[in-house]
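The sequence and structure come first.

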Amino acid sequence: MKRLSLPTKRGSVLTGVLFDAPAHVIPTPSTVVIAITGIHGNFYSNPFYVNIGKTLSAAGIDFIYAQTADAFGEFPTLNVKTGEQELIGSWNEDFNNTDEDIEAYLDYASQQGYQNIILAGHSLGANKVIYYLSRHHDSRIKHFIFLSPANLAYLTSVVTEEEKNEILMQRKRGEGDQRMPFNLLG
């Protein structure tokens with residue numbers, strides 16, 4: 001396993017893990033599966049990713065566990081573009097940054113010389129992959145996998161009227177980029 005720290009175009013650094021195939025199994029793997037995680041989908045809370053990574057690498061396929069900005073509730077990092085500390089996490093993730101997050105992992109895989117890139121997504125990560133694929137015809141991606149996409153209609157249906165009103169008021173005050181006074185969706 002190898003830890004990855006990949007900068008996005010906006011300068012935020014995303015962390016992931018590469019499970020690379022042992023050289024005795026295959027000297028230079030040509031295939032990699034990049035798995036985009038969902039909300040709080042981090043290496044520590046989802047041990048099934050470790051099993052997937054070990055299984056694929058033993059079969060000669062590299063696996064990238066690709067944490068995006070919402071992998072943790074809060075995660076301090078250094079923005080490599082501005083040189084300033086920033087706090088990223090599920091509390092302030094902007095879904096509009098999905099393209100940059102996925103591109104950081106795709107660019108890394110391309111630079112490493114993988115010929116076959118399989119883009120996968122789990123939970124909200126599947127929704128991110130769907131969003132990316134709907135906007136980009138990226139020839140680097142040979143196949144894609146969706147694992148249990150998030151039901152966004154259901155998720156938004158559990159937001160109470162009081163919470164919706166508080167969000168609207170916060171936006172009207174020009175504080176739409178500020179932390180909400182309550183946890184939304186846990």
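## A buried lysine

Lys128 is buried, with a relative accessible area of 2% (buried means under 20% relative accessible area, exposed over 50%, partly exposed in between, with a 1.4 Å probe and protein chains only). Lys128 is placed in helix H3 (helices are DSSP runs of H or I of at least four residues, strands are runs of E of at least two, and both are numbered from the N terminus). Leaving out residues up to four places away in sequence, Lys128 touches Ile36, Thr37, Thr68, Asp70, Glu93, Phe95, Thr98 and Ile102 (contact means heavy atoms within 4.5 Å).

The model is predicted: local features need pLDDT of at least 70 and side-chain atom pairs count only at pLDDT 80 or more, while totals for chains, interfaces and linings use all residues. Residues are numbered from 1 along each chain as its sequence is written, and side-chain values use heavy atoms, with hydrogens and water left out.

## Nonpolar cores

In soluble globular proteins, nonpolar side chains tend to be buried together. Here the largest nonpolar core has 24 residues, and Ile34, Ile36, Ile64, Tyr105 and Leu119 touch the most other members (such a core is a set of buried Ala, Val, Leu, Ile, Met, Phe, Trp, Tyr and Cys residues joined through side-chain atoms within 4.5 Å). Two or more residues of this core come from each of strands E1 (2-7), E2 (13-19), E3 (31-36), E4 (62-66) and E7 (116-122), and from helices H2 and H3. H2 gives the largest share, six residues.

Leu119 has contacts with Ile34, Ile36, Ile102, Val129, Tyr132, Ile141, His143, Phe144 and Ile145, leaving aside neighbours within four places in sequence. A second, separate core holds 10 residues, including Phe19, Tyr49, Val50 and Phe63.

## Salt bridges

The whole structure has nine salt bridges (a side-chain nitrogen of Lys or Arg within 4 Å of a carboxyl oxygen of Asp or Glu). One of them pairs Arg135 with Asp99, with the closest N and O atoms 3.0 Å apart. Arg135 lies in helix H3 (residues 124-135) and Asp99 in helix H2 (residues 98-111), so this pair ties together parts that are 36 residues apart in sequence. Asp99 is buried at 8% relative accessible area, whereas Arg135 is partly exposed at 47%.

Arg140 bridges to Asp138, and their closest N and O atoms are 2.8 Å apart. Arg140 is partly exposed at 25% relative accessibility, while Asp138 is buried at 16%. In the salt bridge of Glu166 with Arg173, the closest N and O atoms are 3.6 Å apart; Glu166 is partly exposed at 26%, and Arg173 is partly exposed at 45%.

## Pockets

The largest pocket has a volume of about 1100 Å³. On a 1 Å grid over the protein atoms alone, a pocket is an open set of points where a 1.4 Å probe fits, with protein on both sides within 12 Å along at least five of seven lines; lining residues have an atom within 4 Å of a point. Points are joined across faces, edges and corners, and the volume is the space filled by probe spheres set on them. This pocket is lined by 30 residues, with Ser90, Trp91, Glu93, Met180 and Leu184 nearest its centre. The elements giving two or more lining residues are helix H4 (152-157) and helix H5 (161-172). The lining has 12 nonpolar, 10 polar and eight charged residues (Ala, Val, Leu, Ile, Met, Phe, Trp, Tyr, Cys and Pro count as nonpolar, Asp, Glu, Lys and Arg as charged, and the others, Gly among them, as polar).

The second largest pocket has a volume of about 180 Å³. Among its 13 lining residues, Arg10, Ser12, Ile88, Asn92 and Asn97 are closest to its centre. Strand E6 (residues 85-88) gives the largest share of this lining, three residues.

## Positive phi

Most residues other than glycine have a negative phi. Ser123, in the loop between E7 and H3, has a positive phi near 60 degrees. Ser148 has a positive phi near 50 degrees and is exposed at 54% relative accessible area.
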